[in-house]
Amino acid sequence: MLEIKNISRVWGNFSLKNISLDISPGEYIVLLGPSGSGKTLLLSTIAGVYTPDNGQISLKGKDITSLPPQKRFVGYVFQKNYLFPHMSVRQNIIFGMKHHGYTKKEMSAMTGYLRNLLNLSSILDRHDTRFLSGGEAQKVALARALAIKPDLLLLDEPMSSLDYDNRNSIIETLKHVNKELKLTTIHVTHDITEAKSLAHRIITIKNGEITVLKTRS
Amino acid sequence: MSKIILAIFVLLLHVLLFSSFLDIGTNLVLLSANLVTLFLGIYYYKTLSPIKFTLFLTGYLILFLFIFAFLNSPLLFSLFIILYASLFRLPVLLGYLIIFIFSTLVMTPYWVQFFLVMALFYTIIIGLYIKRQSLFLIITFSIGFVLLFIICIPILYIMMQNTPQSIITSIKDPKLIEAIKNSLLTSTISTIIVLIFGVPLAYAMARIEFPGKKIVESMIDLPILVPQTVAGIALLVIAGPKTPLGDFLSSTFNISIAGSYVGIIIAQVFVSSPFLIRSAISAFELIDTNLETVSRTLGASNLSTFFKISIPLALGGIFNGIILTWSRAISEVGSLMVIAYYPKTAPVYLYDQFIQYGLSETKPAAILLIITCLWIFIVLRWIRYYPIGRKFVRN
């Protein structure tokens with residue numbers, strides 16, 4: 001599904017060193033590491049924000065190493081929700097579909113599907129995303145990423161800015177989404193309990209190097 | 001009982017003492033004013049704390065010394081003590097009264113303007129005080145207000161110098177109307193040109209780091225530094241008549257920058273561009289670049305991201321820049337005197353009138369120009385904060 005072969009890249013005095021990963025379809029990978037370990041940089045490199053200096057990334061058998069983010073079909077959810085503040089909830093969700101040439105009918109069908117999947121019915125028609133709670137906003141961000149039917153979902157500490165209740169609700173949502181969509185997911189976190197409750201496989205990263213790969217028993 | 005004794009005392013004071021140097025009418029007015037003050041004073045003596053009552057007496061004494069004794073105007077004194085005594089329990093209104101007294105008596109020739117600006121200042125300060133804003137911030141604001149004071153007084157003063165009739169007469173001057181039209185047209189075109197080239201530049205400056213970025217930043221600011229006449233001369237030296245570039249332009253495109261709209265627009269673009277570019281840079285810098293990253297991962301190209309995410313989110317700042325650049329372009333005069341005296345823009349026309357006919361002939365036209373520009377400025381600000389502000393400017 002996702003194959004990363006020996007990628008490395010240098011940013012000033014930090015570098016990702018010879019990272020290789022092989023992720024099978026539908027797998028939920030948690031990338032665990034302390035802050036400053038390079039997990040976010042690795043994720044951004046997979047998303048196409050940065051191009052690696054060496055190595056190769058291929059998704060579904062296709063080499064995507066030098067493709068820009070808009071051509072990779074990768075859903076990316078950040079620590080902060082980064083909803084577009086000048087758009088309504090619905091406009092945020094259909095933003096990606098518009099750029100992938102969906103028809104109006106397809107867009108409303110997909111929106112309806114996501115509403116049911118993520119329990120968005122109470123907030124889907126809100127105009128102002130500023131008044132959403134942290135958990136609600138993060139769900140909208142997730143819906144926006146899922147709307148383009150990505151081949152790969154990247155989650156960069158999606159719960160670290162949420163309180164306890166919201167966190168649990170997002171964990172449940174993510175489990176549900178993974179079960180329903182069988183979507184290959186890489187989830188970055190520094191929280192071991194979060195990692196244990198979600199991962200099929202946990203990968204730890206330290207100083208830009210992958211240290212341990214372990215499968216959940 | 002004591003009220004009546006005091007009243008009789010005041011009465012006797014007026015009859016015996018003041019009648020010797022005041023005519024009977026004035027004395028009567030003064031007497032009634034003093035009686036009103038006396039009765040209010042007795043009421044205050046009973047209800048207010050001793051300190052406040054002393055303050056009341058001190059105020060009375062100051063008014064007496066200043067208006068009655070120093071300015072020797074018993075009628076004004078009568079008027080002001082009645083207002084003073086009745087407003088004493090309402091400190092906010094009392095403040096306006098004190099500003100009013102001060103403006104009419106001390107700043108007599110400019111009292112309207114002075115009163116308006118000071119009343120505005122006072123209103124803001126009272127508002128801040130009620131909101132329990134910190135004293136330090138109130139003081140810093142007050143220090144800064146001195147500048148606004150210097151800016152507002154001349155503009156307000158000139159606007160109240162002429163009757164509406166004289167302004168209407170100047171509207172009928174076809175040359176002035178032509179000049180104002182020229183100004184509006186050229187400054188609008190200049191602003192559009194700056195917008196088309198400045199916004200992409202600003203975006204790049206906000207997003208990329210490169211060696212020599214500081215040098216490019218100084219280049220952007222250069223027009224603010226260069227004296228306007230020098231800018232005009234520089235443009236003429238490179239592209240004026242009988243220069244290689246000037247000859248090329250006139251023979252190939254049949255345009256000349258000296259004495260033409262093209263020249264005016266080039267000069268205005270030159271002097272006004274920094275304002276739009278600067279505010280657009282700060283607006284783009286305020287946008288979290290992750291919003292743009294998200295947009296790209298969702299499939300939007302760099303161009304779509306620019307138009308659908310970056311521009312809408314920076315629109316408030318860009319619009320501020322448009323207002324500043326347009327204002328700067330329309331007020332340009334120095335470089336235009338060198339490069340394109342004709343066709344005349346409004347500020348050049350005004351200067352011309354001033355040189356030819358003097359100050360009083362120019363005043364109505366100047367007022368007309370101020371009103372035109374101020375009106376457009378207010379409309380633009382309104383657009384910035386209402387329709388655009390509601391839709392796009394969020395944090």
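Just after helix 12 of chain B, N254(B) takes a positive phi of about 55°. Helices (H or I, at least four residues) and strands (E, at least two) are DSSP runs, numbered from the N terminus. Helix 12 of chain B covers residues 244-252, and the number of its nine residues that are buried is zero, so this helix lies largely in the open. A residue counts as buried if 20 or more other C-beta atoms lie within 10 Å of its own, as exposed if 12 or fewer do, and as partly exposed in between, with C-beta atoms placed from the backbone.

The model is predicted: local features need pLDDT of at least 70, side-chain atom pairs count only at pLDDT 80 or more, and totals for chains, interfaces and linings use all residues. Residues are numbered from 1 along each chain as its sequence is written, while chains are lettered from A and ligands numbered from 1 in the order in which they are written. The predictor's confidence in each residue is its pLDDT, from 0 to 100. Chain A has a mean pLDDT of 88, and 98% of its residues reach 70 or more. Among the elements of chain A, the lowest mean, 74, belongs to strand 10 (residues 209-215), and the highest, 93, to helix 2 (residues 89-99).

Chain A begins with M1(A), in the segment before strand 1 of chain A. M1(A) is partly exposed, with 15 other C-beta atoms within 10 Å. Leaving aside neighbours within four places in sequence, M1(A) is in contact with I23(A), S24(A), P25(A), K60(A) and T184(A); contact means that the C-beta atoms of two residues, placed from the backbone, lie within 7 Å.

Strand 1 (residues 2-11) and strand 2 (residues 14-23) of chain A pair in the antiparallel sense over seven bridges. Two strands pair if DSSP finds at least two bridges between them. In strand 2 of chain A, D22(A) is the bridge partner of E3(A), and I19(A) that of I7(A). The two strands form a hairpin with two residues between them, and G12(A) in the turn has a positive phi of about 50°. They belong to an open sheet of four strands in chain A, with the order 2-1-4-5 and antiparallel pairing. Strand 2 and strand 5 (62-63) of chain A stand at the edges with a single partner strand each, so one side of each is left without a neighbour in the sheet.

The largest nonpolar core has 118 residues, of which L31(A), A143(A), A147(A), L154(A), L235(B), A267(B) and A280(B) touch the most other members. Such a core is a set of buried Ala, Val, Leu, Ile, Met, Phe, Trp, Tyr and Cys residues joined through C-beta atoms within 7 Å. Helix 13 (residues 261-286) of chain B gives the most to this core, with 14 residues. Apart from it lies another core, of 10 residues, including F56(B) and Y84(B).

Where the chains meet, 18 residues of chain B are in contact with 20 residues of chain A. Helix 14 of chain B gives the most to the side of chain B that touches chain A, with six residues.

Chain B is divided into domain 1 (2-164) and domain 2 (169-392), with bounds that come from an automatic or database domain assignment. The centres of these two domains, taken over C-alpha atoms, are separated by 48 Å. Five residues of domain 1 of chain B are in contact with five residues of domain 2 of chain B.
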